[in-house]
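Please open the model in your viewer and keep a selection tool at hand. The tour below moves from one selection to the next and says what is there at each stop.

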Amino acid sequence: MSLLIDQLAAYLESQGEGTVETDLFKLHRPSSPLACVSLHATGGYPPDRYTQREHPTVMLFARAATPDAALRKAYS
């Protein structure tokens, strides 16, 4: 079983949103390329009182030459 970040990166790559380790990164944000997306694991939500299941979360960072371009990339 792969991690949520791996699954999300594979999905984004299959949808043509980037290439892993070229402009789509997992768990780090390199200084280049300028236009890229990085996925980061966050602490997630704790299990609720009804189930013992955790609720993992992922944070997506989009970087581009302009704020508008980064926002468009994040929403795509």
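Predicted model: local features only at pLDDT ≥ 70, side-chain atom pairs only at ≥ 80, totals over all residues.

Residues are numbered from 1 along each chain as its sequence is written, and side-chain values use heavy atoms, with hydrogens and water left out.

**The core.** Select Ile-5, Ala-9, Leu-12, Leu-24, Val-37 and Leu-39, the 6 residues of the largest nonpolar core; such a core is a set of buried Ala, Val, Leu, Ile, Met, Phe, Trp, Tyr and Cys residues joined through side-chain atoms within 4.5 Å. Helix 1 (4–14) and strand 2 are the elements that give two or more residues to this core, and helix 1 gives the most, with 3 residues. Helices (H or I, at least four residues) and strands (E, at least two) are DSSP runs, numbered from the N terminus. Staying on Leu-12, display its contacts (heavy atoms within 4.5 Å): leaving aside residues up to four places away in sequence, Leu-12 touches Glu-17, Gly-18, Leu-24 and Leu-39.

**The salt bridges.** The structure holds 2 salt bridges, each a side-chain nitrogen of Lys or Arg within 4 Å of a carboxyl oxygen of Asp or Glu. Select Lys-26 and Asp-6, whose closest N and O atoms are 3.0 Å apart; this pair links distant parts of the chain, with Lys-26 in strand 1 (residues 24–26) and Asp-6 in helix 1, 20 residues apart. Next take Glu-17 and Lys-73, whose side chains meet at 3.6 Å, N to O. Because Glu-17 lies in the loop between helix 1 and strand 1 and Lys-73 in helix 2 (residues 67–75), the pair ties together parts that are 56 residues apart in sequence.

**Ser-38.** Finally, select Ser-38, which is found in strand 2 (residues 36–45). Is Ser-38 buried or exposed? At 1% relative accessibility, Ser-38 counts as buried, since buried means under 20% relative accessible area, exposed over 50% and partly exposed in between (1.4 Å probe, protein chains only). Not counting residues up to four places away in sequence, Ser-38 touches Phe-25, His-28, Arg-29, Met-59, Leu-60 and Phe-61. A polar contact of 3.0 Å also joins the side chains of Ser-38 and His-40; the term covers a pair of N or O atoms within 3.5 Å, where, within protein, one must be able to donate a hydrogen and the other to accept it, and residues adjacent in sequence count only if both atoms are side-chain atoms.
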